[in-house]
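Please examine the sequence and the model shown below before reading on.

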Amino acid sequence: MPTSELEKYFPVLVMAVIAAVMAASLTILSSVLGKRSKSPQKDTPYECGMAPTGDARDRFSIKFYLVAMIFILLDIEAVFLYPWAVVYRQLKWFAFFEMLLFIALVLVGYFYIWKKGALDWAIPERPRKAGPKTGTNLYREAA
Amino acid sequence: MRSAIDYPVESRPAPEPQESPTGQRRMTLNMGPQHPSTHGVLRIVIELEGETITRAEPDIGYLHTGIEKQCETKTWQQVTTLTDRVDYLSNLANNLVYALTVEKLLELEIPERAKYLRVMMSEFSRINSHLVWLGTHVLDIGAMSMFFYCFREREELLRVLEFFSGQRMMTSYIRVGGVALDAPRGWEKMVRKFVDVFPSRVDEYENLLEKNPIWLNRTKGVGYISVEDMLELGVTGPMLRGAGIAMDARRTEPYSGYEKFDFRVCTHTDNDVYARYRVRLEEMRESLKIIKQCLEGMPGGAFQADAPKVVLPEREKMKTQMEALIYHFKIVTEGFRVPKGEVYQAIESPRGEIAYYIVSDGTSKPYRLHMRTPSFGNLQGLSPMIEGALIADTIAALGSMDFVLGDTDR
Amino acid sequence: MDFMILSLIKLGLVLFIFMTALAYIQWIERKVIAHVQLRVGPKRVGPHGLLQPLADVIKLITKEGMVPSHVHPVFYYLAPFVAVFFALIPISFIPFGQANVKIPFTDITTNMELTDLNIGLLLILGLSGMGVYGIALAGWASNNKYSLIGGLRSSAQMISYELPMALALVSPLLMLNTVSLRELVNGQEGFYFNVIPRWTIFLMPAPQIFSFIIFMIAGFAETNRVPFDLPEAENELVAGFHVEYASMKFAAFFMAEYANMVTVCSVATLLFLGGWHPIVVPGIGNWIPALVHIGGGAICLYHGLVQPARKWDNITLPVFGVAFIGAGLLFAIPIVQELLAPVFWFTAKLLILLFVFIWVRATLPRFRYDQLMRFAWLFMFPLALVNLLITGLLVAATTN
């Protein structure tokens, strides 16, 4: 049995070292063992066989940043829930109503970002013109 | 010496990305020609804002084979084998439309049995094409297994085609003046086997897809294009029928005896990817119905027209009769002559309306042969269909068009 | 014996089994999907294609490890490294059997795990959260538009599903009041009326079926599996974030994916399916491992000797059958039974969950990006919260 708290982490540490060695060998080994041949055509970025236009390291949509920020805000809430859950049985109703209040506060923000459209990904659909009814032979009418 | 790969590929450069009105930077992305979902070598230049497509331009021509021009150097009956190669999935439709066009010029009367055989084979071809379409379309949307189920049935079907023509894909079965060979002994059994099994298989596909919420989400309301646009761009076939327009050359301008068959022109009003899927699925059932009618009502008699100057004589006759031998020699060495004139004939291929326009100058080779292929027309609808949609919708929309690049580029 | 030496021995053993299992999950996946799709799957390399994983590894390692000149070299190498590194660590503190097991013929007692951390669950969540860096870095470093879109998609997807996942895990914690994985499993021991196991998904007062489903769905998204495989969506983005990767670097992402799958399924097993506790009361339950193995062996023998479907089946299948029956008989020995039955139950549950992963891959189409995000934020997240509140209410009402 482990004698100290610190010793408990010993296998994790060893595992981390092994994982590091393994990961490093996976990434590097083929560069060492495999053959090497370069050509300018081989070196171009893959873009379905066409010469790429522009740089891939371009600015990208703000929505990705928004998701990251919303995630951080709401994930902090989730992190608060963990210690709360562990001591829940001791605090019972007090814990329940306290967390209800906390979640309610977070939910206000959640509904706000929902209403603001931060969670909508597609741009609104174009208005659709109504199609003809079934069976009408528009082709024949046009002809 | 430089190898071929060192020479840069010359192509239309993609336009530079623009700043959008909202100030967001746009990205230009090449989809194709080497891309798993463009079903060949279609190139689409798309302009993206995040994941949303703001502009899309299809760029075709990567599979230009010059078949139309090649046809001018072949004799009339040699062209048949070239028409096979235009659209490898519905080669029989191409055979048929070519044969019909030339027969129109020749004013040739085709015996009933040949007509029935033609109808039956082209309906087989339609099922074949729809099967490949369904498999690849569903694969594009992400479900792998469907592809293999569809190809299981296609295998059965190709076996039938092989049984009739000796070839699985490039059958060249329908020829000017009739069909290449009479239906072989035991064909009823072969066809009946397929006809008996296939309905349950179509039900199986339907079961797999119809109640799958992801499939419905991916297809419903996706790939919409207005009917006016479709008619202006020349979109035909299941795409147009999916928009509620019952346009089907088999019904509107019957050919090869289609007026005798009882079938429904399948339509759907939703005008989206889902509607096109429904139309094609139901068309498979209708095609099967036509095949069944062929099976039951197959008339006897000759399978080729009685036109010794056009149709090759039977082997036995050629060996015993002087005239037959002369005709055979003439047809094989210089080909038959087609009277001067020009003619246009349209039929319904699995993809839409396919039509050949042939000009003959009275020699044994076509002067000009133009193909109005459905894939080309359908592909024109791409831009209005996917502008404003997401990248994933491009794939669904592309799949729903069911184009064959060989058919587009000729 | 010294804890450290014992740990090292166990580590070597576990690592060996784990790495072999990782390779063979891929083989199982290919076989299962092949059979769903009316194919045979790998069968050329070794009997039933059993040496296929080995052949693949050799092939991938000796392939050209090309690094295109347009990539950012540091991050390009770092990406697969990060992905594999963080995917492998969790196995060092996932328990897979009972505590204080006495190893026969020695006086050593040990836990069936590498180490028991009181914050095991939090650590797993944290480490799996790091996995997103591998993919995001790969997408950015490749300097390719498909990779970039794939990397961005996947970053947004993984963090979006992290939230319902974290929330779904709170509910079982609420009922069992600990974050130590071992304690969590210990809390699920026993049976109701000697029939229904007291696993979290059946545990009174608030059975956690919903949070189990939410966790599994989020697990699919976290590991980028179908129907959430958008980062690599091959029909749209060709190969997504790893377009520019070749050879073993490319395979490293898959290895990380499979390791993450094992981790997700282990956590689901530990938290929701009672870990190593048997599905039926121990009196009968102890004999099930033996019966399952002997049954499997009998099936192999039948198909090998009576109905050989393929050429070498009459030789290979009886060998497997005999091996299975041997393992079954081993499970019938009381000492072994005591030692390995819990491990069997844990592995069996894990494999069933892994099978679900594979099954789903063979069945479902892919989500569209906006649908996926909407599903996470507007359905999974509220559902997980509601489930948590109901659980809280029920637990508070029944605790005295």
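## Confidence in chain B

Chain B has an average pLDDT of 84, and 94% of its residues score at least 70; pLDDT is the predictor's confidence in each residue, from 0 to 100. In residues 1-9 of chain B the pLDDT is below 50, and this stretch has two contacts in the model beyond near neighbours in sequence. Two residues are in contact if their C-beta atoms, placed from the backbone, lie within 7 Å. Where pLDDT is low, the predicted coordinates should not be read in detail.

The model is predicted: local features need pLDDT of at least 70, side-chain atom pairs count only at pLDDT 80 or more, and totals for chains, interfaces and linings use all residues. Residues are numbered from 1 along each chain as its sequence is written, while chains are lettered from A and ligands numbered from 1 in the order in which they are written.

## Domains of chain B

Chain B consists of domain 1 (2-59) and domain 2 (67-409), with bounds from an automatic or database domain assignment. The centres of these two domains, taken over C-alpha atoms, are 32 Å apart. Each domain of chain B contributes 16 residues to the contact.

On the side of domain 1 that touches domain 2, strand S3 (residues 52-59) of chain B gives the most, seven residues. Helices (H or I, at least four residues) and strands (E, at least two) are DSSP runs, numbered from the N terminus.

## Contact between chains C and A

In this contact, 67 residues of chain C meet 56 residues of chain A. On the side of chain C that touches chain A, H5(C) supplies the largest share, 14 residues.
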